[in-house]
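Visitor: I am new here. Please pick one part, look at it closely, and then show me its surroundings.

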Amino acid sequence: MSALSGWFGIGTVVLKLRVASGLVLAIVTIAAILYLPTPWLAAFLLLLCLLAAREWAKLAGIATRAAWLVYAITVSAVVAALWVASEDSAWLAVAVPIAATVFWVLALGVVLTYPRSRIVLLSRSTMVAAGVVALPGAWLALVQTAKAPHGPALLIWLLAAAAAADTGAYFAGRRFGRRKLAPRVSPAKTIEGAIGGALAILAWGVVGAMYFGAEQSLPRWLALVAALFVASVTGDLFESAFKRARGVKDSGCLLPGHGGVLDRVDSVIATAPVFAVLAPVLLDSY
C-alpha cells in the first residue's frame with residue numbers, strides 16, 4: 001500500500017482512510033439494496049439524503065440547530081409526499097426526475113460561469129430551495145430505479161457507475177494530471193483525470209450491457225453512460241463551486257478520507273435523476 005501511495009503521490013494514511021470508509025459505505029449500501037424491502041430501502045436512502053441535506057444546509061448558510069431542524073422536516077415532508085404521490089401518479093414519477101435533471105443542467109451553467117455565478121451560490125434562499133429540489137429528486141430517482149425490473153442490480157450498477165467515474169478520475173488525475181479542468185472551481189481536477197473517469201465509466205457501461213443481456217444495445221448503453229459521466233462531473237464540480245464560494249474545503253467530516261457525505265454522494269445526486277429519465281428510453285432491460 002505504501003508503494004502504491006507513493007506512486008500516486010498521496011499519504012498512506014489518507015489513502016487507507018479513503019479506501020476503508022468508501023468500502024464500508026459501499027458494503028452497507030449494497031446490503032441495504034439486496035436485503036431490505038423497498039419501504040425500508042427508501043427509509044435508508046432517506047437517511048443518507050438527510051445526512052447530505054445537513055451539509056447542504058450548512059453550505060447554504062443555515063447555521064442554527066432550529067433552522068436545520070426546519071430544513072430537515074421540509075426535506076422529509078417533500079420525500080414523504082413524493083413517496084405517497086408517486087404510488088398513484090405515473091406522471092409524477094417521471095416529472096420529478098426531469099425537474100431534478102433540469103436543475104443539474106442549470107447547475108452546469110453555474111459551474112461554467114464561475115466565479116460570476118458566485119452570487120447565486122451565496123444566496124441562501126436560492127441554495128436552500130435548490131437542495132429541496134436536488135435531494136428529494138435524487139431520492140425518488142433511486143427508489144424508482146430499485147422498483148424497476150432488475151431494480152436492485154440496476155441500482156447497484158448505477159451507484160458503481162458514479163463510483164467508477166470518481167475513482168477513475170481520482171487515480172488518473174493523481175498519476176497523469178497536468179492540465180487543469182476547471183481551475184477557478186477546483187484546481188485539483190485535471191483534464192487527464194476526467195479522461196480517466198470517462199474511460200472507467202464507459203468500461204462499466206460495457207459490463208452493464210453484457211450483464212443485463214443487451215449487447216445488441218451497446219451503443220445505447222454507451223450513450224447512457226456518456227450522459228451519466230457528464231452528470232457526474234457536473235455534480236462534483238457544482239459541489240466544489242458551492243464549497244469554494246463558501247470558503248470551505250469539505251462539506252463535513254463524517255467520512256474519513258473523503259470529508260462529508262455530500263462530498264461522497266455529490267455525483268450520485270446528479271446521476272440518479274439523469275438515469276431515471278434516460279434508462280426507460282435507452283435500455284431494453286429497464
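Guide: Start with the length of helix 9, residues 191-211. It has 21 residues, and at 1.5 Å a residue they should span 30 Å; the C-alpha atoms at its ends are 30 Å apart, so the two values agree. (The expected span is 1.5 Å times one less than the number of residues.) Helices here are DSSP runs of H or I with at least four residues, strands are runs of E with at least two, and both are numbered from the N terminus.

This is a predicted model: local features need pLDDT of at least 70, side-chain atom pairs count only at pLDDT 80 or more, and totals for chains, interfaces and linings use all residues. Residues are numbered from 1 along each chain as its sequence is written, and side-chain values use heavy atoms, without hydrogens or water.

Now look at what helix 9 hides. Its buried residues are Glu192, Gly193, Ala194, Gly196, Gly197, Ala198, Ile201, Gly205, Gly208 and Ala209. (Buried means under 20% relative accessible area, exposed over 50%, partly exposed in between, with a 1.4 Å probe and protein chains only.) These buried residues pack against helix 8 (151-176), strand 1 (180-182), strand 2 (186-190) and helix 10 (218-246). After helix 9 comes Gly213, with a positive phi near 70°.

Step back to the chain. It holds 11 helices and two strands. Along the sequence the pattern reads α-α-α-α-α-α-α-α-β-β-α-α-α. Of its 286 residues, 47% count as buried. Among contacts with a separation of 6 or more, 72% join residues 24 or more positions apart. (Contact means heavy atoms within 4.5 Å.)

The largest nonpolar core has 78 residues. (Such a core is a set of buried Ala, Val, Leu, Ile, Met, Phe, Trp, Tyr and Cys residues joined through side-chain atoms within 4.5 Å.) Helix 11, residues 261-282, gives the largest share of this core, 12 residues. Trp56, Leu121, Trp157, Phe238 and Phe275 have the most contacts inside the core. Take Trp56: leaving out residues up to four places away in sequence, its partners include Tyr71, Phe103, Met127, Phe238 and Leu262.

Two loops deserve a glance. Most residues other than glycine have a negative phi, and most peptide bonds are trans. His150 has a positive phi, near 60°. It sits in the loop between helix 7 (124-147) and helix 8. The bond from Tyr114 to Pro115 is cis, with omega near 15°. Pro115 lies in the loop between helix 5 and helix 6 (118-121).
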